[in-house]
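Thanks for coming, everyone. Please have the sequence and the 3D view ready, and let's get going.

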Amino acid sequence: MAEEQPKYKLIYFNARGRAEHIRYIFAYAGIDYIDERISNDRWPELKKSMPYGMLPVLEIDGKPIAQSNAVARYLAREHNLAGKDEWESMLCDVLVDTLGDLKQFIFQYRTEEDHFKKEEKKAKLLKETIPFYLNKFEQTVAENGGYAVGSTTTWADFVFTVALENFENIFGATALENYPALRGLKKRVHEISTIADWLSRRPHSEF
């Protein structure tokens, strides 16, 4: 008898944010799940019941699991998206965590309230920080023939694709013009049939 698939419920806001790469994994693997998108006015009360007072949370057979990348790693291992061996699995973690460093710099810029400090942070981001990281990522993806890790699709490809979508939304459609390998990775992921289907029907959100 085939093992019964767990019942999944992903709880997050109506946003791509920290949950979209998890949705990509579900779409890619053809996994049924409940995509619960809560409104901002529900969050203060719901927050009390979340494991660490944060979202996203994935319920697996009713058990709440926090931390988006921990959830993604678990699902990736379950559905052959964590690389072909432990070495590639580690490389996925290295790239995702390093991308997280860049995303933190961008978050600090976006949440800066002082206009002049925000402009200073933006200038440094565009001139120094972003090129430093994207050039490294570009080289890696180019060397791997369009993949973040190895020569097969991994969850790291999905993390990068979502981040690159948001990057273009923040800094403009031409922001990736000097990074053809990264653009190619995003295009390849978007053209995967199950991902393309998800993109055609996912709820609209700004980020």
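Find Ile-11 first. Its bridge partner in β3 is Val-57. Keep in mind that this is a predicted model. Ile-11 and Val-57 are partners where β1 and β3 meet, and these two strands run antiparallel, joined by 4 bridges.

A quick reminder on sheets. Strands pair through backbone hydrogen bonds, either parallel or antiparallel.

Now turn to the pairing of β1 with β2. Which sense does it take, parallel or antiparallel? Parallel, over 5 bridges, with β1 covering residues 8-13. Leu-10 has Asp-35 as its bridge partner in β2. Tyr-12 stands opposite Arg-37, again in β2.

On to β3 and β4. They pair in the antiparallel sense, over 4 bridges. Here, look for Glu-59. Opposite Glu-59 stands Pro-64 of β4.

Next, two backbone details. As background, most residues other than glycine have a negative phi, and most peptide bonds are trans.

Start with the peptide bond from Leu-55 to Pro-56. Is that bond cis or trans? It is cis, with omega near 10°. Look for Pro-56 in the loop between α2 (43-47) and β3.

Then move along to Asp-61. This residue is not a glycine, yet its phi is positive, at about 50°. Where is Asp-61? In the loop between β3 and β4. Those two strands form a hairpin, with 2 residues between them.

Zoom out now, to the whole protein. It is divided into domain 1 (6-78 + 192-199) and domain 2 (84-191). Notice that domain 1 is written as two segments. How far apart are the domain centres? Taken over C-alpha atoms, 21 Å separate them. The contact between the domains takes 16 residues from domain 1 and 16 residues from domain 2.

Last topic: pockets. Rolling a probe the size of a water molecule over the atoms shows where empty space is left.

How much space lies in the largest pocket? About 1000 Å³. Its lining has 35 residues. Lying nearest the centre are Gly-17, Arg-18, Lys-103, Gln-104 and Phe-107. Which elements give two or more residues to the lining? They are α3 (68-78), α4 (86-110) and α6 (155-171). Of the elements, α4 gives the most, with 10 residues.

What about residue classes? The lining has 22 nonpolar, 9 polar and 4 charged residues. The lining draws at least three residues from each of domain 1 and domain 2.

Stop at the cis bond from Leu-55 to Pro-56, and at Asp-61 with its positive phi.

Definitions and conventions: Residues are numbered from 1 along each chain as its sequence is written. This is a predicted model: local features need pLDDT of at least 70, side-chain atom pairs count only at pLDDT 80 or more; totals for chains, interfaces and linings use all residues. Side-chain values use heavy atoms; hydrogens and water are left out. On a 1 Å grid over the protein atoms alone, a cavity is a set of points where a 1.4 Å probe fits but cannot get out, and a pocket is an open set with protein on both sides within 12 Å along at least five of seven lines; lining residues have an atom within 4 Å of a point. Grid points are joined across faces, edges and corners, and a volume is the space filled by probe spheres set on the points. Ala, Val, Leu, Ile, Met, Phe, Trp, Tyr, Cys and Pro count as nonpolar, Asp, Glu, Lys and Arg as charged, and the others, Gly among them, as polar. Domain bounds come from an automatic or database domain assignment. Two strands pair if DSSP finds at least two bridges between them. Contact means heavy atoms within 4.5 Å.
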